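Please keep the sequence and the structure in view while reading.

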Amino acid sequence: MKNKVLTVVSTIMLFVPWTILPLRINFQWALDYAHIMIPCYAAFMIFGGVFTVISYVMAKVQNNLMKVCMIVNSSYAVFGVAVFGLMICQQIRP
C-alpha cells in the first residue's frame, strides 16, 4: 500500500509544474504576481524531486513508473535550482 501511495504522489508531482502555463496564458493576475508564482513553482519542483528520490532510494519503491517519475522530477528539481540561482544572480547584479 505504501508503494502505491508514494508512486501516486510522485506521479501527480509530474503534472503540477505544467499548470503554470495555462495560468500565465489565461489570467492577467498570474502575470502580475509572477514574481511570487515562479519561486513557488520552483520550490515545489525541488520538493518533488527530493521526495521522489527519497521514495525511490530509502523507501525502495522501485517500479517502472517510479523510475520515470524519478528521472522527470529530478530534472525538474535541477531546473528549479537553476531558476533560484538565476533569481539570486539577478538580485546581486546592479
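## Contacts of F51

The model discussed here is predicted. Leaving aside residues up to four places away in sequence, F51 touches L6, V9, S10 and M13. F51 itself lies in helix α4. Its relative accessible area is 21%, and F51 is therefore partly exposed, since the term buried is kept for values under 20%.

## Helix α1

Helix α1 covers residues 2-15, which is 14 residues. At 1.5 Å a residue, this helix should span 20 Å, and the 21 Å between its end C-alpha atoms agrees with that expectation.

Which residues of α1 are buried? They are L6, T7, S10, T11, M13 and L14. Viewed down the axis of α1, the buried residues fall within an arc of 155°, so they line one face of the helix. The face turned away from this buried side carries K4 and F15, which are exposed. Among the elements that cover the buried residues of α1 are α4, residues 34-57, and α5, residues 64-92.

## How α1 and α4 pack

A pair of packed helices is described by two quantities, the angle between their axes and the distance between those axes. For α1 and α4, the axes come within 10 Å and cross at roughly 150°. This angle makes α1 roughly antiparallel to α4, because angles over 145 degrees are counted in that way. The crossing in which α1 passes α4 is left-handed.

Which residues meet where the two helices pack? From α1 come L6, V9, S10 and M13, and from α4 come F44, F47, G48, F51, T52 and S55. The residues of α1 in this set include S10 and M13, which are also touched by F51 and are among the buried residues of α1.

## A residue of α5

Helix α5 contains I92. Is I92 buried or exposed? With a relative accessibility of 64%, I92 counts as exposed, because the cut-off for that term is over 50%.

Conventions:
Residues numbered from 1 in each chain as written. Predicted model: local features only at pLDDT ≥ 70, side-chain atom pairs only at ≥ 80, totals over all residues. Heavy atoms only, no water. Helix = DSSP H or I, 4+ residues; strand = E, 2+ residues; numbered from the N terminus. Expected span 1.5 Å × (residues − 1). Buried < 20%, exposed > 50% of the residue type's maximum accessible area, 1.4 Å probe, protein only. Arc of directions from axis to C-beta. Contact = heavy atoms within 4.5 Å. Axes fitted to C-alpha atoms, helices over the stretch in contact; angles between N-to-C directions. Parallel < 35°, antiparallel > 145°, perpendicular 65-115°, else oblique. Left-handed = near helix turned anticlockwise from the far one by under 90°.
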